Amino acid sequence: MLVHSRRARRAVHAAFLALFLPVFALPFLVVLAASLATRWSGVLPAGATLEHYRAATDADALDALTTSLLTALAASAAALVTGTWAALAAKGSRARRVIDLLFMLPVAVPSVVIGLSLLVAFSKPPLLLNGTPTIVVLAHAVLVTSFAHQAVSAALDRLDPAYEQAAASLGASPLRVLLRVRLPLLLPSLSAAAGLCFALSMGELSATIMLYPPDWAPLPVKIFAATDRGALFSGAALAVVLMATTFLALLAVSRIRTRAVHR
Amino acid sequence: MNTGIRFDGVSVAYGGNIVLDALDLTVEPGEVMALLGPSGSGKTTALRAVAGFVQPVAGRVFIGDRDVTDLPPHRRGVGMVVQQYALFPHMRVDANVAFGLKARGVHGAHGARKAPRDEIAARVTEALEMTGMSAYARRYPRELSGGQQQRVAIARALAVRPGVLLLDEPLSALDAQLRSGMLAELARLHRDLPDVSMLYVTHDQIEALTLADRIALMDRARLQDCGTPQDLYRRPRTEFTASFVGNANLLPVTVTGDGVRLAGAVLDVPAAGAAAPGDPATLCVRPHAIGLGEGPNALRGTVTEVQWRGATHRLCVDVAGHRVTADVRELHETSSLGTEVTLHFAARDAVVLPATAAPVGPGGGAAHG
Ligand SMILES: Nc1ncnc2c1ncn2[C@@H]1O[C@H](COP(=O)(O)OP(=O)(O)OP(=O)(O)O)[C@@H](O)[C@H]1O
Ligand SMILES: [Mg+2]
């Protein structure tokens with residue numbers, strides 16, 4: 001702790017809450033309240049019902065949730081593999097700058113543009129992916145790979161080369177060094193990157209909405225559709241389901257991470 | 001399995017900057033060679049050239065009679081121990097020690113047809129016993145002290161039974177007491193493993209003197225001198241050697257017919273080989289070889305400093321403007337500052353060296369008095 005006196009510490013905490021609550025927590029609390037509400041009273045939701053949750057957990061909604069989960073899983077897995085691969089390849093390579101720049105592009109380009117470009121690129125045979133789940137997964141993967149790449153790149157730069165060298169001098173081939181030493185040492189960063197990719201993909205809307213086929217509509221699309229037709233409370237319930245699921249998934253990932261760190 | 005190391009004109013450069021300049025050096029099978037020198041002199045670089053982590057721009061490196069210059073590190077079959085241990089933090093001690101055995105695909109030793117797993121377990125146990133770490137096999141590295149981690153690192157390197165062991169300042173992260181204990185232990189290890197050649201990088205002359213069969217002295221990317229510790233200590237050939245291996249008084253003298261002259265005093269120390277009368281030279285006398293009182297080769301001067309060091313007194317005496325350091329047995333009456341004293345030394349304890357342009361002060365690079 002940087003602050004030692006008890007009173008000063010309390011003041012710091014109070015200031016933190018005063019800033020944190022309105023910015024981060026209030027929107028979340030309003031959504032939570034709306035998901036349980038029956039009507040609006042002024043700017044705040046009022047009344048109490050679980051009715052919206054019945055709708056938010058019906059077959060249709062659960063389908064969307066499954067779609068979201070599968071998309072996020074596939075996209076983060078693809079992003080993690082690609083990002084890690086690229087980071088490993090870029091390490092110590094002369095093309096490092098170019099590769100880093102390339103992987104930054106999807107962040108710099110608006111996701112709507114990514115969606116559009118995929119639509120344009122994959123709408124004609126032989127690359128006809130338009131109207132398939134694959135194109136949604138692909139879009140998500142493209143969007144989150146930069147984060148995976150950046151996280152792994154940074155972790156690789158911090159990794160002490162003494163470990164790899166010790167392993168090599170003990171007779172380990174580069175592949176064995178990678179599998180037994182470098183990747184295990186990168187595990188905390190890899191799992192952090194996985195969590196980030198997963199969360200980003202779970203919430204992605206702008207590219208998804210341009211690409212999703214009718215049988216592969218992730219949850220954010222449903223939320224958007226609900227609010228679009230004025231069903232704010234149902235939309236809120238769906239949003240709470242989305243948040244809770246994402247949160248639980250992140251919790252699971254962070255448990256893997258703490259285990260990896262504290263081993 | 002007798003494997004030495006041979007550097008054959010090995011040069012290493014970083015970005016055009018030569019940091020190892022045409023090193024010629026042979027470590028005989030079973031020999032402990034200390035690579036001693038000031039910071040930045042290229043010791044680690046020489047070691048890394050053997051391990052394969054740096055590619056020489058010229059010259060060849062041999063391990064045994066195998067030219068390994070173009071081999072990747074994992075094919076060189078050397079053991080390596082570095083200053084910061086580099087134990088794998090995600091593996092327990094036994095897994096760390098087993099790592100090299102698994103990587104190399106251990107064969108049953110001496111044709112014994114043991115299952116590889118049993119063989120690995122046996123070798124891990126053996127290596128941990130050798131370093132006294134058996135009780136810690138199931139711990140993680142971060143649960144060990146620095147000294148224990150270093151033992152594990154040594155066990156890990158030795159488990160694969162390398163013919164060559166490279167050590168880069170393995171004790172420098174330990175405190176002084178632990179260091180001298182580990183030093184004795186390394187010496188014992190080497191007695192137990194007489195076939196293993198060791199290249200031991202250090203900038204600590206005590207470690208080098210204690211452990212090494214021979215010392216290679218490096219300075220500014222070059223090998224300056226190489227010889228047994230006794231040789232380098234008793235018969236140094238250069239001022240750098242004299243000042244870096246042990247403490248030394250280095251005094252500017254002039255060569256005369258059958259001795260040298262130091263500011264008027266004629267000393268009966270024969271100058272080496274080619275020196276002609278009138279040539280400048282440097283007289284090297286160890287502080288402990290100098291006695292107090294009258295005797296042969298007397299030097300008169302005034303005391304400028306007295307340090308009590310337990311068993312000895314260190315006197316610093318100004319002799320005609322030159323500072324002479326003498327370690328004399330504990331004095332009963334301490335000479336006070338400014339007293340006139342006479343010092344003497346035996347001719348066989350002194351060496352006359354060719355003078356160099358920039359004389360090195362007494363005790364240069366020597367932190368241990
Ligand atoms: N990777 C590198 N890139 C550029 N220069 C380097 C590199 N490694 C070492 N050097 C330079 O090479 C020279 C020799 O370094 P080296 O590590 O061999 O010294 P050393 O004798 O081991 O010193 P120390 O006792 O401080 O460890 C130094 O001048 C150092 O700055
Ligand atoms: Mg070094």
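Two residues are in contact when they have heavy atoms within 4.5 Å of each other.

## The two domains of chain A

With that in hand, let's start with chain A. Its domain assignment gives domain 1 (1–49) and domain 2 (55–262), with bounds that come from an automatic or database domain assignment. The C-alpha centres of these two domains of chain A lie 30 Å apart. Across the divide, 10 residues of domain 1 of chain A are in contact with 7 residues of domain 2 of chain A.

## What you're looking at

This is a predicted model, where local features need pLDDT of at least 70 and side-chain atom pairs count only at pLDDT 80 or more, while totals for chains, interfaces and linings use all residues. Residues are numbered from 1 along each chain as its sequence is written, chains are lettered from A and ligands numbered from 1 in the order in which they are written, and side-chain values use heavy atoms, with hydrogens and water left out.

## Cavities

A cavity here is a set of points on a 1 Å grid over the protein atoms alone where a 1.4 Å probe fits but cannot get out, and its lining residues have an atom within 4 Å of a point. A volume is the space filled by probe spheres set on the points, which are joined across faces, edges and corners. By this rule there are 2 cavities of 30 Å³ or more.

The largest cavity holds about 50 Å³ of space. Its lining is B:Thr131, B:Arg151, B:Ile154, B:Met182, B:Glu185, B:Leu186 and B:Leu189. (Helices are DSSP runs of H or I, at least four residues, and strands are runs of E, at least two, numbered from the N terminus.) The second largest cavity, at about 30 Å³, is lined by A:Ala166 along with B:Met80, B:Val81, B:Val82, B:Tyr85, B:Ala153 and B:Arg156. Here β6(B) gives the most, with 3 residues.

## A closer look at B:Thr282

B:Thr282 sits in strand β14 (residues 280–285) of chain B. Why does B:Thr282 count as buried? Because its relative accessibility is 6%, and buried means under 20% relative accessible area, using a 1.4 Å probe and protein chains only (exposed is over 50%, partly exposed in between).

Leaving out residues up to four places away in sequence, B:Thr282 touches several others, including B:Leu250, B:Val352 and B:Pro354. B:Glu239 is also among them.

Conventions
On a 1 Å grid over the protein atoms alone, a cavity is a set of points where a 1.4 Å probe fits but cannot get out, and a pocket is an open set with protein on both sides within 12 Å along at least five of seven lines; lining residues have an atom within 4 Å of a point.
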